[in-house]
2 protein chains.
Amino acid sequence: MRRYHPVDFTRVSLTGPFWSERLETVLTRTVPSQYRKLDESGILESLDLKDPPPPLRIPRNASGFTTQYFWDSDLGKWIEAAGYALRHRRDPAVEAQVDAIVDKLEAAQMDDGYLNLWYQGHEIENRWTNLRDRHELYNAGHLLEGAIAYFQATGRRKFLDVMERYIEHIRTTFGPNEGQKRGYPGHQEIELALVKLYHLTGERKHLDLATYFINERGRQPHYFDQEAVARGDDPTKYHFYNSGNYEYSQSHRPVREQDKVVGHAVRAFYMYAAMADLAADLDDDSLRHACEVLWKDVTTTRMYVTGGFGPSASNEGFTTDYDLPNDTAYCETCASVAMVFWAQRMLNIELDGQYAEILEQALYNGTLSGLSRDGELYFYENKLESDGSHRRWPWHPCPCCTMNVSRLVASVGGYFYSVGGDSIAVNLYGGNSAELDMGGRKIRIDEQSTYPWSGSIRITVHPDGHGPFALKLRIPDWAARDAVAVLNGNPVDVPGQTESGYLVIHRDWLDGDTIQLELPMKARRIYANPKVRMDRHRVALARGPLVYCAEQADNPTPVPDLILPRDAVVADKPRDDLFDGIVTLTAPAQTIAARDWGNDLYRTTPPEVSQTTLTAIPYFLWANREPGTMQVWIRES
Amino acid sequence: MRRYHPVDFTRVSLTGPFWSERLETVLTRTVPSQYRKLDESGILESLDLKDPPPPLRIPRNASGFTTQYFWDSDLGKWIEAAGYALRHRRDPAVEAQVDAIVDKLEAAQMDDGYLNLWYQGHEIENRWTNLRDRHELYNAGHLLEGAIAYFQATGRRKFLDVMERYIEHIRTTFGPNEGQKRGYPGHQEIELALVKLYHLTGERKHLDLATYFINERGRQPHYFDQEAVARGDDPTKYHFYNSGNYEYSQSHRPVREQDKVVGHAVRAFYMYAAMADLAADLDDDSLRHACEVLWKDVTTTRMYVTGGFGPSASNEGFTTDYDLPNDTAYCETCASVAMVFWAQRMLNIELDGQYAEILEQALYNGTLSGLSRDGELYFYENKLESDGSHRRWPWHPCPCCTMNVSRLVASVGGYFYSVGGDSIAVNLYGGNSAELDMGGRKIRIDEQSTYPWSGSIRITVHPDGHGPFALKLRIPDWAARDAVAVLNGNPVDVPGQTESGYLVIHRDWLDGDTIQLELPMKARRIYANPKVRMDRHRVALARGPLVYCAEQADNPTPVPDLILPRDAVVADKPRDDLFDGIVTLTAPAQTIAARDWGNDLYRTTPPEVSQTTLTAIPYFLWANREPGTMQVWIRES
């Protein structure tokens, strides 16, 4: 049922101002600076196995846990990001950095294929004894994704060969057969990496191993119980076993029986992404149905308006329906990135605008906010309200988010188009030039636009010859009522030709055919379901795919004192002086005259309000200037 | 500077419906049932010292602490409440219960006068080694107050003799002289008990001991440090030493240097009450000044509208200015009771309506809410918002609040009048007949009113002869603009004759002179300083001294969904069918149609509102019916 295939980012040249700026920043600043951080933080040093091992750089926490267990994943993810960067522009210096890492990984690899720097450096006798907590399979997955990306960038296979040997070891070790461990990852990730390897090599065994991990998950007797007993541990003493089950790692029941999005958000979304991949490649309706149920659950009960996920720091994940606190929102950057992965895979199964809509929401807001304007500071947690104390970090003891955002931005062109049968779907907008392959036909598409700053999109089609096909242009929900399209000067019946959120134009396209699409981009107010108590009597502002926030730097009165009257006109205000040119939103607003109240604690007259102007900037840009208060959800009167 | 003396409650016969009902409930149900609870909970059994002691009834907490340390205080407080009850009506059965307790206390008392059932029963070798935590002096104070009350009720001195011996032991043990410990209570209380003993006996040494405790408090080197080191403990490991000082017990600095109300709320207010007592009896301006500074601090930054105090459960006390969360409000009943004590003592120093105003606010709301309508269930915590799960307890592992409310209600008549020089001050209203002694003159005052249900007050004066004096009638803040008074049919110039919140009528009163005072009692809206973020965009309703709340039982739509328009008329609605007759408040209101919203998590149209009616009842009466949500602070539009 894989109906659509994404068009690889190497075929999509981003020319619009929004993404070319972000991409350049990531390529020229983020990826190189991340290598330096890998060095400074000791992660590169871990490649040199020493006896005795050096002291821990990241002290163990109260549970005895150190994030050094998954340093391998950081190596893999950086190589993946660097690989994507190299596909934009080869760079011998960067390749030398990667090759040096790969040489050490190859040297470290054990004869039986095993490769895990923590265990090999510290406690090899304990390998494969704690899948629940120790991230061995998660590490393997990220290394594999790095190896694939680096092979695709350079054609050099050494890392891929190393990883294929390791995967062979894993395939031998885990499975349902006599003498195998019936284990699966405590932190899902390897499943989607294996699907990538299957797509690269065409070798079915990789798909089968991913399928085994997904199908085995959550079965009884529970592997994590058995594994713990085998280690001499009491499974019920597990730190994340508070709820008396394994919801934390989505292994509380078989995946097809899961109908609530629970537990650790990144684990959840990596798993759902793999489930969607397998549903497509195996034509598995039960997996697809589970994905659809979970999709509906999270998007109707457990999603922040910023496309952030997981309110709670304690489990880095989900709590209860409609529990979406703003000032304590966890909203790990990785969770938004993982949602982009999952949404894209859902879109492969069914070209439905709802998937692209959430993909775009998570990408432009919850993901991009994870990276500073200068490309070298990171949010791990993406709160929706702050007193100004929440700031981006130069690095993190658990740097997973840093390279998740860089690998995504470095390959963001890959989310713009997908192709299926005789259809080309345009999922994201922004100036670009794409060379598409549609069942052997070559079709170039040029898009001129400054999206998301403007909703004016001019698409010119250059097919390689004759023959009809459908161009499917996503009409975002926020533009569904007012979108206008003109084909070679003739109006298109947008409502009449829109199916599942895509304007379908099926015709025998001629070279130079041009569609002018106007997605009216004006400020809109967003209200939350009143069951989200934190957002009652509040409003969020958005324009196009961007969610906005009020940050103190732009507002003359305290942000928490702002009140936006319901009938106030919220206007666009382009500001060339801010962040190299953005569109801000402004509105006449009120402010509680808190300072004029006096000393009384209580009185019978309400606080006075005075007139002020509210200015809002795109949420992803906040905290790039002097520290100050910030709110996405603004009091409305 | 003690300008006014309260008129003892035995001289004030309460005839109005409000207080006669509460008083009867406390006398006939609360005090007798509390004796049964003392029995069931093991507190009476603790009077029989056994070797080995029986197992703990109240398990030690993580810090090794058990509330059994202060069971003596519960005995003392119950005897105090029973003593007050006996002054209303003698009762041989109750007296036999008290006498039996007193006999056991006398039998237990050590030769040197020491009397503490915990230490004598468990670890006598450790007595007086941990004033910081173990409540020995607090227990002694409550036993002393019980002994005084019982002596005043019955004329029998055995308990008083026991306690005078114990106080003599304490006086010998503590003090600034060679061989004495320079200690003072970890939980203040004995100070105000000693002042009572001074007033009873006229013996200056009791005032001096109270003065010593107050003056010694917070001096360096710190006694609690020295005492801990002497025990072999690390003083900095103290559980309540988080802030690096002794704010928890208001011993972080000498009392005269304290200018912020901090720490454990009950400790604080008992201490401030004693400071006000000493300021009056010693004519100590520095103590008075400290009290005034602390009064202003708490009433302008740290007081709930219900006259509740102390938002935090972790220290049973204060946090930061304007931090007044509603759903997690701690507001221990004892803290409101202690505020009544402090406020009355401030009023003795200076007859200023602000003190009576807060006294009344704490009495009618934060205190009375601590006791159920039937007189046998108790709130320890008086939250201002609840999802319905917060209910009164039949008893508590720390039953301090139960007998604090019964001893206060049993003696509430003592807060109505005070006399100073040639003035009689009427501080509280409610039908009563009082026999006052003003410097030897006997003056009877009859008040007819159903206050607080009505603000119509008819006072008739019956002096014993001729000679001018002043009658000072408190004009509450909420009535200051509209109060009307008529003396023998002639209007009184209320604004012109009001001083510091009291309408002063100085004349040669004749038998039968009558004042009709009308305090317009209509619903009023109360707003909090916007610095109290939790109450922004919310309104509280009050009528007379009563703060109201919306409870689910009276409201057809969910209380959290209610919105009260700013211009909605809030009307009185007497309800004879509720609680034997109360005045409710009703208003046309709106409700968020949360159930009609549908499944969307976000959308661009706001939630609809529909019309409903809001009904509010007096806050102190909530949680006497089926469990349901409750809010004092209601959303206002």
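## A tour from a sheet edge to the chain interface

Select strand S13 (residues 502-507) of chain B: two bridges join S12(B) to it, and the two strands run antiparallel. The model is predicted. For one position along this pair, pick B:Thr498, which stands opposite B:Leu503 in S13(B).

Now widen the view to the sheet. It is open, with six strands in the order S1-S4-S5-S9-S13-S12 (chain B), and the pairing is mixed. Colour strand S1 (5-6) and strand S12 (498-499) of chain B. They stand at the edges with a single partner strand each, so one side of each has no neighbour in the sheet.

Next, show helix H14 (residues 353-367) of chain B. H14 lies across strand S9 (469-474) and S13 of chain B, at about 45° to S9(B).

Move on to the interface. Chain B and chain A each put 40 residues into the contact. Together they bury about 3,100 Å², 62% of it on carbon and sulfur atoms. Select B:Tyr527, B:Leu601 and B:Tyr602: in chain B these lose the most area to chain A, together 24% of what that side buries.

Zoom in on A:Arg536 and B:Asp561. Their side chains meet in a salt bridge (2.6 Å, N to O). The interface has two salt bridges. There are also 16 residue pairs in polar contact between chain B and chain A. Which strand gives the largest share of the side of chain B that touches chain A? S15(B) does, with five residues. By class, that side has 21 nonpolar, nine polar and 10 charged residues.

Finish at strand S15 (residues 524-528) of chain A. Two bridges join this strand to S21(B), and the two run antiparallel. Here A:Ala528 stands opposite B:Tyr602.

Technical notes
Residues numbered from 1 in each chain as written. Chains lettered and ligands numbered in written order. Predicted model: local features only at pLDDT ≥ 70, side-chain atom pairs only at ≥ 80, totals over all residues. Heavy atoms only, no water. Pairing = 2+ DSSP bridges. Helix = DSSP H or I, 4+ residues; strand = E, 2+ residues; numbered from the N terminus. Contact = heavy atoms within 4.5 Å. Axes fitted to C-alpha atoms, helices over the stretch in contact; angles between N-to-C directions. Buried area = accessible area lost by both parts, 1.4 Å probe. Salt bridge = Lys/Arg side-chain N within 4 Å of Asp/Glu carboxyl O. Polar contact = N/O pair within 3.5 Å; in protein donor to acceptor, adjacent residues only side chain to side chain. Nonpolar A, V, L, I, M, F, W, Y, C, P; charged D, E, K, R; others polar.
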